[in-house]
Amino acid sequence: MNWHVNILTLFPEMFPGSLGQSLSGKALDRGDWSYSCVNIRDFGEGVHKTVDDTPYGGGAGMVMRADIIESALLSVENPGRKIYLSPRGKPLTQALVQEFSQEPALTLLCGRYEGVDQRVLDAHEFEEVSIGDYVLSGGEPAALILMDACIRLLPGVMGNDETVSEESFSEGAGGMLEYPHYTRPADWQSASGDVLSVPEVLTSGNHAKIEEWRRAQSEKLTAARRPDLLKK
Ligand code: SAM
């Protein structure tokens, strides 16, 4: 399956960015996913290709115009699910990432300035999605994050489906944070001179005991750092 993302942006040169590297880059080369950018500027008005205007009601900043964004959107042949990256949106969770990764096509609208005219979001039923409780200067980094999280779930991208099924927030991890990891050397002397050893159970070869230890670690970490996940 090819997973396709249309990106409406004023900065198409920001893509594929980090997604052109490593596993997502290889998957892009293989054709497991693809993207196309629509430069909103191309639909701007006048000699300066203006895309924004002052907000009705006054206040600071500029707002991206509904008519310009609509023209950019209508140039997309198969938009699929339409998402506006926005700090006001529903939080991007692993469950939502899983849903998005199963859609054949998505259209991501990247805002700039104070954001976009509400009417185009309403008229075209954009879902608003936030990557966290902080404000970025534009939607492009948020789009890259959403895409990265989806791409690693596409069949064959990670090479081992078990890797993703047991990760933090996944069903396999009971929706909790993942347990800590260790690798060789078994006894490691840090720069302070202390020798730090791997928890004994992990070298025991007893898989049931290892499972039990990992589960307990997951619960402990989640209770300490994200008690909200345990309530879910
Ligand atoms: N005035 C907006 C507000 O207070 O909610 C913030 C606009 S922000 C400076 C410009 C653009 O960055 C937004 O239109 C949105 O596309 C993107 N953006 C900023 N923070 C984001 C977040 N947490 N998640 C997703 N997109 C975000």
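I began with the domains: the C-alpha centres of domain 1 and domain 2 lie 38 Å apart. Domain 1 covers 3-151 and domain 2 covers 174-231, with bounds from an automatic or database domain assignment.

A note to myself: this is a predicted model, where local features need pLDDT of at least 70, side-chain atom pairs count only at pLDDT 80 or more, and totals for chains, interfaces and linings use all residues. Residues are numbered from 1 along each chain as its sequence is written, and side-chain values use heavy atoms, leaving out hydrogens and water.

I found five strands in an open, parallel sheet, ordered 2-1-6-5-7. Strand 2 (33-39) and strand 7 (127-130) each have a single partner strand, so one side of each has no neighbour in the sheet. From one strand to the next, the twist averages 35 degrees. For my own reference, strands (E, at least two residues) and helices (H or I, at least four) are DSSP runs numbered from the N terminus, and two strands pair if DSSP finds at least two bridges between them.

Isoleucine 83 stands opposite glutamate 127 of strand 7.

Which of its residues are buried (under 20% relative accessible area, 1.4 Å probe, protein chains only)? I noted Leu96, Val97, Phe100 and Ser101. They fall within an arc of 135 degrees seen down the helix axis, so they line one face of helix 3; the arc is taken from the directions from the axis to the C-beta atoms.

Conventions. Axes fitted to C-alpha atoms, helices over the stretch in contact; angles between N-to-C directions. Buried < 20%, exposed > 50% of the residue type's maximum accessible area, 1.4 Å probe, protein only.
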